[in-house]
Amino acid sequence: MAREITTVGVVGIGTMGAGITEVFARNGFFVVGVEQDQAALHRGRGHVETSTGRAVRRGKMSAAEQSQLLERITFTTDMDVLAACQLVVEAVPEHRDLKRDVFARLDKIVTPDAILATNTSSLSVTEISVATELPRRVVGMHFFNPAPVQEFVEVVRTVVTDDDVVEDVTAIARRLGKAPVECRDRAGFIANALLFGYLNHAASMYETRYASREDIDDAMRVGCGYPMGPLALLDLIGLDTAYEILETMYRQGRDRLHAPTPILKQLVTAGFRGRKSGRGFYTYDKPDSPVVVADTATPTGAPPAGVREVRSVGVVGSSDPAARIVENLVQARFDVTTVDVVTPAVTGADLVVEAVADELSAKREVFTALDAVCKPGAILATTSSLVPVIACAASTSRAANVVGTHMVAGVAVDRDLVEVVRTVSTADDVVATVRSVCRRAGMHPVTCGDRAGFIVNALLFPYLNDAVKMLEAQYATADDIDTAMRLGCRLPTGPFQVLDDVGLDTALAIQRMLYAEFPEPGYAPAPLLENLVTAGFLGRKTGRGFRDHA
Ligand code: 3HC
């Protein structure tokens, strides 16, 4: 028979624990929130008060409901008070020995049929469970940050967890309004295993100065419709937590793509742990605040020097991005000439955008022809996503005037993204001019170097490929993986929906390009993806991909 759970303990009321405390109290449970000292307790209570106070200000909760909610929570430094709880959720920092110590103590405090759950993000639940006398009552209950907002919970079953423990925790998660998904005990479970490779890669893009922090974040927000960019998300999660998660995943899987990027350790060592400390990749107005303030790395917003005047734009080719670019330019009242192949009609254009097939010889041919007909000083741009921009530039006698303008139609936002790609030869004023044209045409420019995948595809496709590998390994179903990413991280669509929409052949071509340029074993295209493409199951366009679209 299912346990009757009315009182829940939360051990550790930091960023995650405070959110978990709030979620239980919001749903009518009595909660015992435990911290190790008064200062931490005070801070934890502050988190809950601030968060519920915001709900009152937004009219989502009345002041009376807020006080009733707070009255249901007992804040204490005395672990013995947890004896009254039928379920205890541990949410202390991600250190194995610390968690094992907490569980060994809890085991002696609660009654034998109470459930002990860990909110660990990546540590082995089994290893934590064996610190108790009754590992069969230990389970993972992994919430997502901010816990009151994200509607997803991973329920982690170890080889010893009792069925009724998993059932009760799953039922409780539903009572909290969350969508629970059961998974096995593996570092990162579903969502973190897919998310953290992406976050780590974004941190390394920033570290290598491949693009600015604002451009990396804007690329994913505007281009993919993510609620926040990866660096802002790392700051929200906490850089110390992110470091520990990556380190654990790396130790378990030895995938170099999970080895924490050195900048994470440097920031943590300097005390810059993200929002919670008031500084991480960004600077915040105070600790625990979401408000970003300007610092020395913030762009000034002043127009860069040397922007050239652009009135007339030629567009060559009739691919999808061409139509969208033309529409944006016409709306912004540029003088636009469109041609299918290079003709003297584009001779007078200040800027010519090439948008023919994404194939090396086709692009080279167009660039050689453009170089011959375009006026001196005209800027030549390519919408290429697969062909290196420098290969186009090298087909002309004006490499300094050649730039990439890879367009990504905005998802869930009203603007299109343009990755303005600088080659080793592109002149600074050319980049500044193209960024300015994009802004005038209502598109959002970000700048990056000429590497495979630029920003968006380099961050997106390895994550999609990892999702396919997870499915292939039968760790989770496509539906559970999509749910994890949509409800755990509020991504607009899960990876398998993205793959079916984009086309499995396109995804495979991009992943192959990334693997060719960065020969990391982790980038090898998933065999399942290769097989589906070989079988002609390309996604929505063929009626079948990971799902049936008949
Ligand atoms: N605590 C409680 N509620 C919060 C909150 C917080 N820290 N931050 C925002 N909210 C609430 C707001 O009150 C608001 O509620 P309402 O709609 O009922 O009024 C709602 O969330 C939206 O907030 P805002 O309008 O202020 O801001 P946004 O719309 O920009 O949303 C966000 C902010 C919820 C943080 C959103 O950007 C988001 O979902 N980002 C992705 C976060 C993510 O990926 N989390 C998973 C990380 S991985 C993880 O946690 C696993 C762990 O193991 C590390």
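Ser 395 sits in the loop that links helix H14 (389–393) to strand S15 (402–408). Helices (H or I, at least four residues) and strands (E, at least two) are DSSP runs, numbered from the N terminus. The model is predicted, so local features need pLDDT of at least 70, side-chain atom pairs count only at pLDDT 80 or more, and totals for chains, interfaces and linings use all residues. Residues are numbered from 1 along each chain as its sequence is written, and side-chain values use heavy atoms, without hydrogens and water.

Is Ser 395 buried or exposed? Ser 395 counts as buried because its relative accessibility is 16%; buried means under 20% relative accessible area, exposed over 50%, partly exposed in between (1.4 Å probe, protein chains only). A polar atom of its side chain lies 3.0 Å from the backbone oxygen of Ala 391. Ser 395 also touches Arg 364, Phe 367 and Thr 368, leaving aside residues up to four places away in sequence. Contact here means heavy atoms within 4.5 Å.

Now turn to the ligand. Around the ligand are 22 residues, and Arg 54, Arg 58, His 142, Asn 145 and Gln 150 come nearest. A residue is near if one of its heavy atoms lies within 4 Å.

Look at single atoms next. A ligand oxygen is 3.0 Å from a side-chain N or O atom of Gln 150. Helices H2 (38–57), H7 (191–207), H9 (230–237) and H17 (478–489) each give two or more residues to the shell.

Definitions and conventions. A polar contact is a pair of N or O atoms within 3.5 Å; within protein, one must be able to donate a hydrogen and the other to accept it, and residues adjacent in sequence count only if both atoms are side-chain atoms.
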